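Okay, thanks everyone for coming. Let me put the structure up and then walk you through what I found in it.

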Amino acid sequence: MASRMAVSKETSFKNKSQRSVESAFTAQNCTISPNQIRAFLLDLQEKGCVEGTLKKYGHDLTTFYHYLPKKKQVGPDTLLAWRRQLVARGYAAQTINGAVSAVNSFLEYLGRREFQLQGQLKLGAMQRPEL
């Protein structure tokens with residue numbers, strides 16, 4: 001009887017520990033690497049993604065990667081800040097939405113959906129700078 005209680009307490013402790021580790025994991029930033037981007041693009045290629053999409057995703061993910069600070073970490077507001085920067089630089093809403101979609105897909109691939117940006121910019125709502 002005592003051994004059953006010890007096992008039960010140990011299992012309970014493990015479940016609590018596991019939950020706290022999972023909570024800490026989702027609260028932390030996600031570090032991005034070029035190897036992860038390559039693996040994601042290779043995965044898309046193996047799933048039959050067309051060459052044009054692979055190039056677009058590769059370009060968008062590389063642009064996002066270079067936007068990240070030195071530690072290359074994504075946090076809860078990183079994608080929103082990047083989108084705001086793209087808006088400020090005068091990119092079209094359709095271009096920005098496509099880039100954010102590529103990064104959202106990449107974050108899903110990494111299992112980090114909590115850092116995705118929901119919602120798209122409205123196509124007619126942005127003013128384009130005069131050239």
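By "meet" I mean contact, that is, heavy atoms within 4.5 Å.

Before I go on, a word on where this comes from. This is a predicted model, so local features need pLDDT of at least 70, side-chain atom pairs count only at pLDDT 80 or more, and totals for chains, interfaces and linings use all residues. Residues are numbered from 1 along each chain as its sequence is written, and side-chain values use heavy atoms, with hydrogens and water left out.

Sorted by class, the residues of the α2–α5 contact come out as six nonpolar, two polar and one charged. For the classes, Ala, Val, Leu, Ile, Met, Phe, Trp, Tyr, Cys and Pro count as nonpolar, Asp, Glu, Lys and Arg as charged, and the others, Gly among them, as polar. Helix α2 covers residues 34–46 and helix α5 residues 93–109, and they pack at an angle of about 95° with their axes 11 Å apart. The axes are lines fitted to C-alpha atoms, for helices over the stretch in contact, and the angles run from 0 to 180 degrees between N-to-C directions. So α2 and α5 are roughly perpendicular to each other, the word for 65 to 115 degrees (under 35 is roughly parallel, over 145 roughly antiparallel, the rest oblique).

Of the 131 residues, 30% count as buried, where buried is under 20% relative accessible area, exposed is over 50%, and partly exposed is in between (1.4 Å probe, protein chains only). And among contacts between residues at least 6 apart in sequence, 67% join residues at least 24 apart.

Now, α5 has another partner. α3 and α5 pack at about 85°, with their axes 9 Å apart, so these two are roughly perpendicular to each other. From α3 you get Lys-56, Tyr-57, Asp-60, Leu-61 and Phe-64, and the α5 residues they meet include Gly-98, Ala-99, Ala-102 and Phe-106. This contact has seven nonpolar, four polar and two charged residues.

Two of those α3 residues deserve a look. Is Leu-61 buried or exposed? Leu-61 counts as buried, at 1% relative accessibility. Leaving out neighbours within four places in sequence, Leu-61 is in contact with Ile-37, Phe-40, Leu-41, Ala-102, Val-103 and Phe-106. Not counting residues up to four places away in sequence, Asp-60 touches Trp-82, Gly-98, Ala-99 and Ala-102.

On to the rings. How many aromatic pairs does a search of the whole structure find? Five. Rings of Phe, Tyr and Trp (its six-membered ring) pair if their centres lie within 6.5 Å; planes under 30 degrees apart are stacked, over 60 edge-to-face, and the rest tilted. Phe-40 and Tyr-57 have ring centres 6.2 Å apart and planes at 20°, so that pair is stacked. It links helix α2 to helix α3, across 17 residues of chain, and both residues are buried. Phe-64 and Trp-82 have centres 5.0 Å apart and planes at 65°, so they go down as edge-to-face. Both of these are buried too. Ring pairs also link Phe-40, Tyr-57, Phe-106 and Tyr-109 into a cluster.

Last one, Lys-72, in the loop between α3 and β2. Lys-72 lies over the face of Tyr-65, 4.6 Å from the ring centre; the test is NZ of Lys or CZ of Arg within 6 Å of the ring centre and within 35 degrees of the ring normal. Lys-72 also has a positive phi of about 55°, although it is not a glycine. Most residues other than glycine have a negative phi. And at 16% relative accessibility, Lys-72 counts as buried.

Technical notes
Helices (H or I, at least four residues) and strands (E, at least two) are DSSP runs, numbered from the N terminus.
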